[in-house]
Amino acid sequence: MSHVAHIEAGSNAKPAGTLTEFVTFTVGGNLFGVPVLRVQDTLIPDRIATVPLAPPEIRGSINLRGRIVTVIDMRIRLGLPETGRPKNGGMGVTVESGAELYTLLVDSVGDVITLPSELREANPNTLDPLWRDLAGGTYRLANSLMVVLEIDRVLDLRAKN
Amino acid sequence: MDDLLTEFLTETAENLAALDVELVKFERDPSDAAILGSIFRMMHTIKGTCGFLGLQRLESVAHAGENVLGKFRDGALEATPAAVTLILSCIDRIRQLLAGIAETGSEPEMDNAGLIADLNALAQGKAPAAAPVQPLAESESTDGPVISEAGFPVAADLLCEVEAALSSGVQAATPEKILAELEAERAHEKQPVLVPAPTPAPVATAPAPKPAAPIEAKPAGQAAPADAAFANASIRVTVDVLEKLMTLVSELVLTRNQLLQMVRGQDDSEFKVPLQRLSHITSDLQDGVMKTRMQPIGNAWSKLPRIVRDLAVETGKKIDLQMLGAETELDRQVLELIKDPLTHMVRNSADHGLERPEDRRAAGKDEIGTITLKAYHEGGHIIILVADNGRGLNVERIRAKAISNGLATEAEIEQMSERQILQFIFRAGFSTAEKVTSVSGRGVGMDVVRTNIEKIGGTIELQSAAGKGTSFMIKIPLTLAIVSALVVESGSERFAIPQISVVELVRASARSETRIEMINASPVLRLRNRLLPLVSLRSLLRQEAGETALSGEQFIVVTQVGTYNFGIIVDRVFDTEEIVVKPVSPILRHIPFYSGNTILGDGRVIMILDPNGIASAAGQVQMSANDAAEKLAASSEHAAERTSFLVFRAGADEFKAVPLALVARLEEIDAGKIERTRARHVVQYRNHLMPLIPFDPNHQWKEAGRQPVLVFTDGDRSMGLVVDEIVDVVADVIAVELSADEPGLIGSAIIGGKAMDIVDAGTYVTRAYANWFASEPVRETATKNGPRFALIVDANPFVRDLLTPHLAGAGWRVMSAETGAEASRLIESDTGYGIVVAGLDTPGFDAAAFARKLRANPRGASIKLAAVSPITDDDEFASLREAGFDICVAKSDWSVLVDQLRALVTDLPRLEATAETDAGAQPNVTPVRKKTARVRRVTGRDQVAA
């Protein structure tokens, strides 16, 4: 397993009303973004140990420098179809929540972009209901729409049931 | 808040805790100068540090306290309970002030003049103000449950004294009274006793609108150094540092293991010796670091005696707090997290669980209620029990509350078992307390308790019996444990099983002697004459059913959970490794089969299996495997004689057993349907009134809920034996030790590894129907004319005893013989025998020969001969009948055996020869006893259709 990029997460809160940096990634052709401050690193996962009887969103666990990280399959979590899943297995965006580490398995990781908070728009009415729970707004970019994901809600699998 | 202040707060808090403990000791033995010395020093330190930091209010309070302690030390003041109370309130006040500082960073605006004045008055030999024990601190906020800080920890004997006084109507001492007492005590003192007017202010905790009495702050000179002596013995280290150390050591352990592995194969490696040393050092290091984080659970319990004592006083109850296993160690962080839950549960027990003394007396219980805390290690977990012997949880109220809170509908509740209903107390905002006391009852407790416990990966279970008490069991994994685990493979995934649960490994293949057999579609393994229920890991984890290895080999990990043994079928078995247990991610914690996960030496992540979880899930499997086991046992050639027993509990805590063969049915009847006639309890059962006889003479009849009952049936008469709990069905080879004296008991035996009493069902059924065993009035004729004796030939005393009542009930006098030789002797010596019941497995007994000999003799022509065989063997039966036996029955067909015997002894038309059963066929029935055919065993071994 190798890292593609290791992003240092700063600990200072940004002043309100200005720019936020997002790590972008695609799943099933859709563009998503999460605040860079929440992201520990991105990686190419290999040797994912499956956990029998785990909910389908959980792909399994991996060993990240001695810590056990739970892998969340974002395609399943976002309710997207299996077709088009990359053959190389995709990439992982590692986030921390409540002293536990999770890796979001996505198709590919894009750039880190900076966006001003004023441009953030509310979830459009046409947004898939499942995503509405997980999304915290959208940004209209030059060629695409980026959906901001709320990491804590993404990780809260129990609420889904 | 700056570091200095933070450190001060932590340190002082520790000192105060120590001070509490010391004061309790001091109270027990006021003459101990050493204790007093250390108490004084501690207060002195506190005062000094306060002064150093410019915390004036704190310092003045501490100073006043120190004065009094100084007087104690000098012998100028006697440590009366009232005086000690005052000192303790001083400590409490300090705590409050500290709490205020922790919150806001500066001292709270609190007026301490009253307290200080009292302390000073005491120091000067004046009477302390009446200090009624105030069990609860009146804190500024009134939301949420309040933790008691005031009051003082009292030795148990003092507690009893107070209780005794309270219950006999003694009022708490008024100021005048205390004064008078003080006077009397001082009668022989040399100092002049001043009798001032009793100071009106009790220990005030609410701020009073008086100006604070100024007390000069003494120059800070002393601070800490004078008492550095006992401070140097320990060092403060942050938890993070320890955590890092722990992780590093774990990595070291794993790397060491890898090295050991690599070197293992090579005999002559030069690395071996130094590696051995490295290994030892690593193990020692591991132990040492683990110790830094482990603390005895007694630390979390230390506040509880005081809290319980205060609660007892406030509620007027008598409470004894038992703490067992206080030295059991667990991780410091875990300790912090369970402190509050434990406190909460203890308060609940004291406040709601235990009844008032008069209620307890009325219920026939000891006046003093007991709350028990017990902690111990078991299999990688720490188990903590919190139990009380109070009134138990009120299921009805919980039910009602659940409905009224909208947590479930009536229909849903109807479906729930009592156990499920009890779980409602863990819901947020749930409280059935009628009164919200200041102690508890606000309903914010148990959900928080459960959340906190689950946060650390633990579980909490609850049990409750109305009128008897409630108990909680908390199970917390020792997550920092480095444990030995067996690595296995199933469905191409690897798993770890804690070594401590593994009993042995067995390799089974289709061709070997040890092979997996399928009974009732459940796999079992025959292992050294025992049948072991098996569970397949593949099917449990719903992995794909794979092909077993070509050789048909499978591995079985024989696992032990408590006293229950079972086997886990896996594909492959690897090494035993030392692994670092890491808790499972919260989103996976709901899966009951995993107790953690870990990283192996080669870097892969594997799940750690929880044998407990597997055992519970396989519970269904177990039950059917057990009866399958019995069937096998019954038909096995070299099976030792096994008898199936039904194990139950009634009354006391010990288990009792009754031969399963005698029990017609197990029922759980609705307690609400039990009716009481003049002398007994009955219930409508299958269109008859069935009398209910409780096994336990002190049985408390329930008004509602399910009542377990063992039903004995004879003909169309049924009788229900009321028990507390039906525990298990065990098939075992038994050796009964007969006990002659106790009515209702045949004897005792070791069943399933436990010693238990074997119940004489006959006693109970005759209580229901005095003439249970009497059949028809043929009784008389049998005794008056003709043969009077019946002979039972069987080496097994138990069987003889089972058969005897049936024969005796029909009027026969029963003799017994243990061997064939003895049987022959008896028959030849006496002409009075009319019937012989012979067990075919009696040693030295050739049944056919015996029969032929008997029949050859004209005298023996009319003797009825019955053969009782361990197994059904048609051929043998046929040849026995030819030799002269009248009937042959298999022992396992108990009811049929009884039937046929009865028929024999009472001379009714005998059953046809074809009535001998092979398992599964419906026997013909005699015209008289139709319903006896409907015997249904609980084990599902349905030889006879119900």
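Residues are numbered from 1 along each chain as its sequence is written, and chains are lettered from A, with ligands numbered from 1, in the order in which they are written. Because the model is predicted, local features need pLDDT of at least 70 and side-chain atom pairs count only at pLDDT 80 or more, while totals for chains, interfaces and linings use all residues; side-chain values use heavy atoms, with hydrogens and water left out.

**View 1. The two chains and their secondary structure.** Chain A holds four helices and eleven strands, and chain B holds 28 helices and 35 strands, where helices (H or I, at least four residues) and strands (E, at least two) are DSSP runs numbered from the N terminus. Of the 161 residues of chain A, 46% count as buried, and in chain B buried residues make up 48% of 946; buried means under 20% relative accessible area, exposed over 50%, and partly exposed in between, with a 1.4 Å probe and protein chains only. Among contacts (heavy atoms within 4.5 Å) between residues at least 6 apart in sequence, those joining residues at least 24 apart amount to 58% in chain A and 65% in chain B.

View 2. A nonpolar core is a set of buried Ala, Val, Leu, Ile, Met, Phe, Trp, Tyr and Cys residues joined through side-chain atoms within 4.5 Å. The largest one has 53 residues, of which A:M74, A:L78, A:L149, B:L537, B:I568, B:Y594 and B:I614 touch the most other members. When neighbours within four places in sequence are left aside, A:L78 is in contact with A:V27, A:F32, A:L130, A:W131, A:L134 and A:L149. Apart from this core lies another, of 45 residues, including B:I297, B:A350, B:A408 and B:L422. In soluble globular proteins, nonpolar side chains tend to be buried together.

**View 3. The interface between chain A and chain B.** Here 21 residues of chain A are in contact with 24 residues of chain B. The buried area, meaning the accessible area (1.4 Å probe) that two parts lose on being put together, summed over both, is about 1,800 Å², and carbon and sulfur atoms give 64% of it. In chain A, the residues that lose the most area to chain B are A:P52, A:L53 and A:I68, which together account for 34% of what that side buries. Strands β5 (58-64), β6 (67-73) and β8 (100-106) of chain A each supply at least two residues of the side that touches chain B. That side of chain A divides into 13 nonpolar, five polar and three charged residues, with Ala, Val, Leu, Ile, Met, Phe, Trp, Tyr, Cys and Pro counted as nonpolar, Asp, Glu, Lys and Arg as charged, and the others, Gly among them, as polar.

View 4. A:R38 forms a salt bridge with A:D152, the closest N and O atoms being 3.1 Å apart. Since A:R38 lies in the loop between β3 (30-35) and β4 (39-44) of chain A and A:D152 in helix α3 (residues 151-155), the pair ties together parts that are 114 residues apart in sequence. A:R38 is partly exposed at 27% relative accessibility, as is A:D152 at 44%. The side chains of A:R85 and A:D73 also meet in a salt bridge (2.7 Å, N to O); A:R85 is partly exposed, with a relative accessible area of 23%, whereas A:D73 is buried at 1%.

View 5. The side chains of B:E396 and B:R399 meet in a salt bridge, 3.4 Å from N to O. Being three residues apart in helix α15 (residues 395-404), B:E396 and B:R399 are separated by about one helical turn. B:E396 is partly exposed at 40% relative accessibility, and B:R399 is partly exposed at 27%.

**View 6. The surroundings of B:D794.** B:D794 is found in the loop between β31 (789-793) and α24 (797-809) of chain B, and at 4% relative accessibility B:D794 counts as buried. Not counting residues up to four places away in sequence, B:D794 touches B:V799, B:R800, B:A817, B:E818, B:G839, B:D841, B:T842 and B:K891.

Conventions
A salt bridge is a side-chain nitrogen of Lys or Arg within 4 Å of a carboxyl oxygen of Asp or Glu.
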